[in-house]
Amino acid sequence: MLKATLEQWRMFKAVVDAGGFNQAATKVHKSQSSVHHAVQKLESAIGVTLFESDGRKVRLTPAGELMLRRAEFLLNEAAKLEAV
């Protein structure tokens, strides 16, 4: 059974792309708390800290950078699968 959902990975990537949780929430049309909760659940499920706080912004940890590359691949493959 998978530990993380595709939606959690999508929220993770949205935070990276937008530069923060508030900006990501606007981009994906969800509340900031639901985006933050999804990323927290993802971190808990995989046992990795993905972000570090830098004032009001967040930045990827080294592990987060690795997971971002893998998440991008996963999300691209899921999009291709749905297009078939």
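**Entry 1: charges**

I began with the charge layout. The protein has 12 positive and 9 negative charges, and their mean positions lie 2 Å apart. I note here that the model is predicted. Every value below is computed from it.

Next I looked up the salt bridges. How many salt bridges does the count come to? It comes to 8. Side chains of opposite charge can pair when their charged atoms come close. I followed some of the pairs by residue.

**Entry 2: Arg10 and Glu7**

I checked Arg10 against Glu7. Their side chains form a salt bridge, 3.0 Å from N to O. Both residues sit in helix H1, which covers residues 6-18. They are 3 residues apart there, so about one helical turn separates them. Arg10 has 35% relative accessibility and counts as partly exposed. Glu7 has a relative accessible area of 33% and is partly exposed.

**Entry 3: Lys13 and its partners**

I moved on to Lys13. Its side chain meets that of Asp17 in a salt bridge, with N to O at 2.7 Å. Lys13 and Asp17 are 4 residues apart in helix H1, which puts about one helical turn between them. Asp17 is partly exposed, at a relative accessible area of 43%.

Lys13 also forms a salt bridge with Glu72; here the closest N and O atoms are 3.8 Å apart. This pair links distant parts of the chain. Lys13 is in helix H1, while Glu72 is in helix H4, residues 62-83. The two are 59 residues apart. Glu72 counts as partly exposed, with 29% relative accessibility.

**Entry 4: the fold as a whole**

I stepped back to the secondary structure. The protein holds 4 helices and 2 strands. From the N terminus on, the order is α-α-α-β-β-α.

Then I looked at overall dimensions. Along the principal axes, the C-alpha atoms fill a box of roughly 40 × 25 × 20 Å. Why does the radius of gyration agree with a compact globule? For 84 residues such a globule would have a value near 12 Å, and the protein has 12 Å.

I checked burial and contacts as well. Buried residues are 33% of the 84 in the protein. Among contacts between residues at least 6 apart in sequence, 48% join residues at least 24 apart.

**Entry 5: Thr26**

I looked up Thr26 in helix H2, which spans residues 21-28. Is Thr26 buried or exposed? Its relative accessibility is 60%, so it counts as exposed.

**Entry 6: His29**

I ended with the backbone at His29. Most residues other than glycine have a negative phi. What is phi of His29 near? It is near 60 degrees, a positive value in a residue other than glycine. His29 lies in the loop between H2 and helix H3, the latter being residues 32-46. With 74% relative accessibility, His29 counts as exposed; the cut-off for that class is over 50%.

Technical notes
Residues are numbered from 1 along each chain as its sequence is written. This is a predicted model: local features need pLDDT of at least 70, side-chain atom pairs count only at pLDDT 80 or more; totals for chains, interfaces and linings use all residues. Side-chain values use heavy atoms; hydrogens and water are left out. The radius of gyration is taken over C-alpha atoms; the globule rule is 2.2 Å times the number of residues to the power 0.38. Buried means under 20% relative accessible area, exposed over 50%, partly exposed in between (1.4 Å probe, protein chains only). Contact means heavy atoms within 4.5 Å. Lys and Arg count as positive and Asp and Glu as negative; His and the chain ends are not counted. The place of a charge is taken as NZ of Lys, CZ of Arg, CG of Asp or CD of Glu. A salt bridge is a side-chain nitrogen of Lys or Arg within 4 Å of a carboxyl oxygen of Asp or Glu.
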